[in-house]
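Subject: Model handover

Hello,

Here is the structure I promised. My notes follow below it.

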Amino acid sequence: MPALMDSPTKANPALLEEMTQFDKTKLQKTNTEEKVSLPTPEVIQREKTEHEMFERVKSGVSLKHVETVEKDPLKEVVAQEKVQLDIQQFDASCLKRVDTQERNRLPSLTDIEEERKGLKN
């Protein structure tokens, strides 16, 4: 690591002077603790498994031949265009007129009473 005085032209002179006049005895003494965290057995097992898999792939022993299937996007586009054309050419006059009737059957008084009795039990 280069010293501060090695390149005085690059540093701010006021900063350099302040740093050289700083009293190091004002600093507090600290103890450095090095923490070494050992891997858990699960991490060791996972890394071992990954390493074994990498070695098997590297050697090429367990690889199997695979056939790829490529889809033809042109067929999909033609099918979509055919559907659009069929929709445009559809003759709506051949459909029958249907009137929908909504039926909202309200429960009778006896149905309500039976349900109340069922809830109380």
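The chain exposes about 13,500 Å², and carbon and sulfur atoms supply 55% of it. Areas come from the Shrake-Rupley method with a 1.4 Å probe; for residues, only the protein chains shown count as cover. This is a predicted model: local features need pLDDT of at least 70, side-chain atom pairs count only at pLDDT 80 or more, and totals for chains, interfaces and linings use all residues. Residues are numbered from 1 along each chain as its sequence is written, and side-chain values use heavy atoms, with hydrogens and water left out.

Buried residues make up 1% of the 121 in the chain (buried is under 20% relative accessible area, exposed over 50%, partly exposed in between; 1.4 Å probe, protein chains only).

The fold has four helices and zero strands (DSSP runs numbered from the N terminus: helices H or I, at least four residues; strands E, at least two). Helix 2 covers residues 41-59 and reaches 27 Å from first C-alpha to last, close to the 27 Å expected (1.5 Å times one less than its number of residues). Just after helix 2, Gly60 has a positive phi of about 80°.

I count four salt bridges (a side-chain nitrogen of Lys or Arg within 4 Å of a carboxyl oxygen of Asp or Glu). Among them:

- Lys82 with Asp86, at 3.2 Å. They sit four residues apart in helix 3, about one helical turn. Lys82 is exposed at 53%; Asp86 is partly exposed at 40%.
- Arg97 with Asp99, at 3.7 Å. Arg97 is exposed at 75%, and Asp99 is exposed at 58%.
- Arg105 with Asp111, at 3.4 Å. Asp111 is partly exposed at 28%.

Best regards
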